[in-house]
Amino acid sequence: MSMDQRPEWSDPNKPDQCSSFIRKGDGQENQPVSIQKYSRFQKQKSTEPTVQELYEGVLKGDRSLLARAITLVESNAERHFQKSQQLLQLLLPHTGKAIRVGITGVPGAGKSTFIEAFGTYLCGLGLRIAVLAIDPSSSISGGSILGDKTRMEQLARNPHAFIRPSPTAGKLGGVHRKTREAMLICEAAGFDVILIETVGVGQSEVIIRDMVDFFMLLVLTGAGDELQGMKKGIMELADAIIVHKADGDNKLIAEKTKREYNRILHFLQPATRGWQTKAYTCSSLTKEGIGDIWKVIRTFEQKGKASGVFEERRKSQSREWMYSMITDHLHYQFYQHPDVKNQLPKLENEVIAGDITVATAVEKLFQLFLDRKN
Ligand SMILES: Nc1nc2c(ncn2[C@@H]2O[C@H](COP(=O)(O)OP(=O)(O)OP(=O)(O)O)[C@@H](O)[C@H]2O)c(=O)[nH]1
Ligand SMILES: [Mg+2]
């Protein structure tokens, strides 16, 4: 046996790409090892897929490569960041065809249950659905939609649906960028509807509004006083308000709540030009009203596309995204700068002690940052 004999699993057309050789034994060879015994190792490809492999896999709708592509954009490693941007650049011409729907509401409003019912309904229409989440607390808790997978059992099993837990925040843009890029990857993979869930506790609604076409707010039945107390701001972001859990004894109250919301909405600025935001009732338990919500979204899309408002919003979202990414990058680079890192605690102490003004400290830090850059 010659020294440069290649193992049987190497590619005979590319002998120089295999670094293994077979050497002659020393006469005390073990019994031949059955390769079947280790077949579970063979199946696993240990190497990271290349950008080209991910690109082709995503376009083909390969779920495993789709998941890996999203993992890549969610990674906090800098080398993955470069690779993910190459991938997105390739995928970009294949994006934009899905309708992007944001869903928010207070904890317990039934968002996950609604997505399960609504998503299953859409799959029944022959549509392919991707579910993503922005979890404002995920940097602390590690993401709560993981628990939701159990709540979306039926949808998770549906071959036309893809559910992705929320990413955790990190440098280079955090959750916002990751969700947006995951959405683009899902679009390139051919999903028709992207549903993005976020718990409505402040900032996340604004972030989600900036990345979707249609935004809905799930609310529960409540007294008029509660309605009045509801932040006008969030109602003005919504294209539809869904009075949820309209079933059983709650049904009549839900109808009443709907009318009250409609009365208030009449006086508010609509979220989308040319579209009157209205309230609707629905139940994810009985499925009543689920189909009507889809009709509303379709009408919204048709009207918006005819008037140009739909395209206009997407363009302005891309512009906003660019500026938010510039801010993210500056923020990251500033705090990563070695001199800034080094001097920041000292200057912070001096500010607290009243030894220097805030403006002076900031000025000094920027000097350090900019000196190194030039
Ligand atoms: N009666 C009724 N109960 C519902 C309906 N939808 C959801 N629920 C119940 O409401 C509770 C909360 O539902 P979730 O879907 O977990 O609510 P969520 O808004 O996703 O909650 P967070 O993820 O914690 O923010 C669960 O106990 C559901 O069973 C509905 O249409 N009718
Ligand atoms: Mg939920």
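Visitor: Leaving aside neighbours within four places in sequence, with which residues is isoleucine 242 in contact?

Guide: The model is a predicted one, and contact here requires C-beta atoms within 7 Å. Once neighbours within four places in sequence are left aside, the contacts of isoleucine 242 are Met216, Leu217, Leu218, Val219, Tyr280, Cys282 and Ile293.

Visitor: Which residues touch the most other members of the largest nonpolar core?

Guide: In soluble globular proteins, nonpolar side chains tend to be buried together. The largest nonpolar core holds 68 residues. Domain 1 (48–94) and domain 2 (95–307) each supply at least three residues to this core. The residues that touch the most other members are Ile185, Ile194, Met216 and Ile242.

Visitor: Which helix gives the largest share of the shell around ligand 1?

Guide: The shell consists of 16 residues, and the closest are Gly110, Lys111, Ser112, Thr113 and Lys245. By type, the shell divides into four nonpolar, eight polar and four charged residues. The largest share, three residues, is provided by helix H5 (residues 111–124).

Visitor: Which element of the chain has the lowest mean pLDDT?

Guide: For the chain, the mean pLDDT is 84, with 77% of residues at 70 or more. Among the elements, the highest mean, 97, belongs to helix H14 (residues 290–307), while the lowest, 45, belongs to helix H6 (residues 138–141). Over residues 138–146 the pLDDT is below 50, although this stretch has 21 contacts in the model beyond near neighbours in sequence. The element with the lowest mean pLDDT is therefore, on a scale of confidence from 0 to 100, helix H6.

Terms used: Residues are numbered from 1 along each chain as its sequence is written. Chains are lettered from A and ligands numbered from 1 in the order in which they are written. This is a predicted model: local features need pLDDT of at least 70, side-chain atom pairs count only at pLDDT 80 or more; totals for chains, interfaces and linings use all residues. pLDDT is the predictor's confidence in each residue, from 0 to 100. Helices (H or I, at least four residues) and strands (E, at least two) are DSSP runs, numbered from the N terminus. Two residues are in contact if their C-beta atoms, placed from the backbone, lie within 7 Å. A residue is near a molecule or strand if its C-beta atom, placed from the backbone, lies within 6 Å of it. Ala, Val, Leu, Ile, Met, Phe, Trp, Tyr, Cys and Pro count as nonpolar, Asp, Glu, Lys and Arg as charged, and the others, Gly among them, as polar. A nonpolar core is a set of buried Ala, Val, Leu, Ile, Met, Phe, Trp, Tyr and Cys residues joined through C-beta atoms within 7 Å. A residue is buried if 20 or more other C-beta atoms lie within 10 Å of its own, exposed if 12 or fewer, and partly exposed in between; C-beta atoms are placed from the backbone. Domain bounds come from an automatic or database domain assignment.
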